[in-house]
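Dear colleague,

Please find below the structure that I am handing over to you. My notes on it follow.

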Amino acid sequence: MSPDTLGRLLADLDDIPTITDARIVRRRSRDFFWYSPILNELLSDKSAEILVSPRNEAEIIRIAAACTRHRVPLTVRAGGTGNYGQAVPLRGGGLLDITALDRIEWVRPGAIRVAAGAKLNLIDAELAPHGFELRMHPSTKRTATIGGFVAGGSGGIGSVTYGGLREPGNILAARVVTIEEEPRIIELRGDAAQKINRAYGTTGIITALEMPLAPAWTWIDIVVAFDDFAEAAAFGQEAALADGVVKKLISAVAAPLPTYFGALRPHCPDGKSIVMAMVAEPSLESFKALLNGRGSITRETPTDDGPGQVPLYEYSWNHTTLQVLKADRSVTYLQSLYPPDRLLEKVAEIRQLFPDEVLPHLEFIRFGGRVTCSGLPVVRYRDPERLNEIIRMHEARGVSIANPHVFTIEDGSRYKRADADQFGFKREVDPLGLLNPGKMRSFVPDGA
């Protein structure tokens, strides 16, 4: 923005809280893209020029109108827990912090309507007296918001039972504000709500969401140690397929990755691969019967994600990568999807192909109604060429890759997005292409 444009924008925003201190704005313009050495090089110097913090939907409408009037790009930000630069402004402009929009509108049996900036852990705390909880959440539950999860995520803890956000019924409705000179409010219900799922905030400003709920169980965190990763993966698949065992998490992690697990390290014997599980207390006996002595339970305790605690789920999903990166910044990761009908065969094939370079980490999920697993292996990084070769070698063997080393919607997590017309919807809600420009590569703004 030119100084004149910035001045006119600030005048239009008037009493809405803003920050123009370049140091603060730059710090808030980052997420966890540094997990990827490729994205770290591409995005580390990107920043917005102004941070705007609306307190309600009416102020968001004013911001959208002002940015349209002055042709200022606008990138929505919440907790900033993404890994692909979802909330990093590529072309400067404004950064829209929605975390003050955190009101719960209502709770009904099996459903909640909540403002997009509400933190996931606080939502579950409010739901607990009602006997419900969110169906799924990322491993960043304690800092992530519901709007950021839906706009930039795909699933997580709970997906072993309910699948990902892309599955029908896992987003009930979304309320969005368009970015036009006269912004409109659009309510998307049912399958139409998928137009904003994992679209990185390019298809409207989400202000509220309706989400389905699950029964709130007393969850038991369990760690099981195995002599061999193949045994851990096989048990993980059995536990994921055991429909009568109520669970929220089944993760298989190959040695030596558990040696990086901080406070969990005493429960991770040297040389052992582990399965991490969250099992409902009434299903604990059935879970142990299924295990039948094949591994050694090294930890069994109720989930506690209160202050000062490190819950088991913060060693799963992409927190596994983070635990390793804390000690070794030379590694990175991939995201893969294994075919359910040949799951263990393909896991063994990939393991043999990269015995020391790609260290397996599997998250068991439901995908399209079938149990499979998403791989988030830790990769010993050499250079971009070798990383792309590893990706090609996975895909040549029928293991899909959602590339976490790119920042555009089309080039990244294709298999994790639902079949929704996000590109057509963007034309409707953001004709000038001001929302998070550069993240939807195929979009050509009106008049361009």
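Four bridges join strand β3 (residues 74-77) to β4 (residues 94-97), and these two strands run parallel. Helices (H or I, at least four residues) and strands (E, at least two) are DSSP runs, numbered from the N terminus. This is a predicted model, in which local features need pLDDT of at least 70 and side-chain atom pairs count only at pLDDT 80 or more, while totals for chains, interfaces and linings use all residues. Residues are numbered from 1 along each chain as its sequence is written, and side-chain values use heavy atoms, with hydrogens and water left out.

Axes are lines fitted to C-alpha atoms, for helices over the stretch in contact, and angles run from 0 to 180 degrees between N-to-C directions. The axis of α1 comes within 10 Å of that of helix α4 (residues 57-69), and the two cross at roughly 155°. That angle makes α1 roughly antiparallel to α4 (over 145 degrees; under 35 counts as roughly parallel, 65 to 115 as roughly perpendicular and the rest as oblique). L9, D12 and L13 of α1 meet R62, I63, A66, C67 and R69 of α4, where contact means heavy atoms within 4.5 Å.

Which residues touch the most other members of the largest nonpolar core? Of its 51 residues, they are I123, I196, I205, L209 and M211. Such a core is a set of buried Ala, Val, Leu, Ile, Met, Phe, Trp, Tyr and Cys residues joined through side-chain atoms within 4.5 Å. Apart from this core lies another, of 40 residues, including I38, L291, L362 and F364.

L264 is in the loop between β12 (247-253) and β13 (273-280), and counts as buried at 3% relative accessibility. Leaving aside neighbours within four places in sequence, L264 is in contact with V223, M276, R299, L312 and Y315. L264 and V310 are 46 residues apart in sequence, yet 8.6 Å apart in space, C-alpha to C-alpha. The loop between β12 and β13 also holds P256, which a cis peptide bond joins to A255, with omega about 10°.

D14, in the loop between α1 and β1, has a positive phi near 55° and is exposed, with a relative accessible area of 59%. N292, in the loop between α9 (284-291) and β14 (296-302), has a positive phi of about 50° and is exposed at 63%.

Kind regards

Methods
Two strands pair if DSSP finds at least two bridges between them. Buried means under 20% relative accessible area, exposed over 50%, partly exposed in between (1.4 Å probe, protein chains only).
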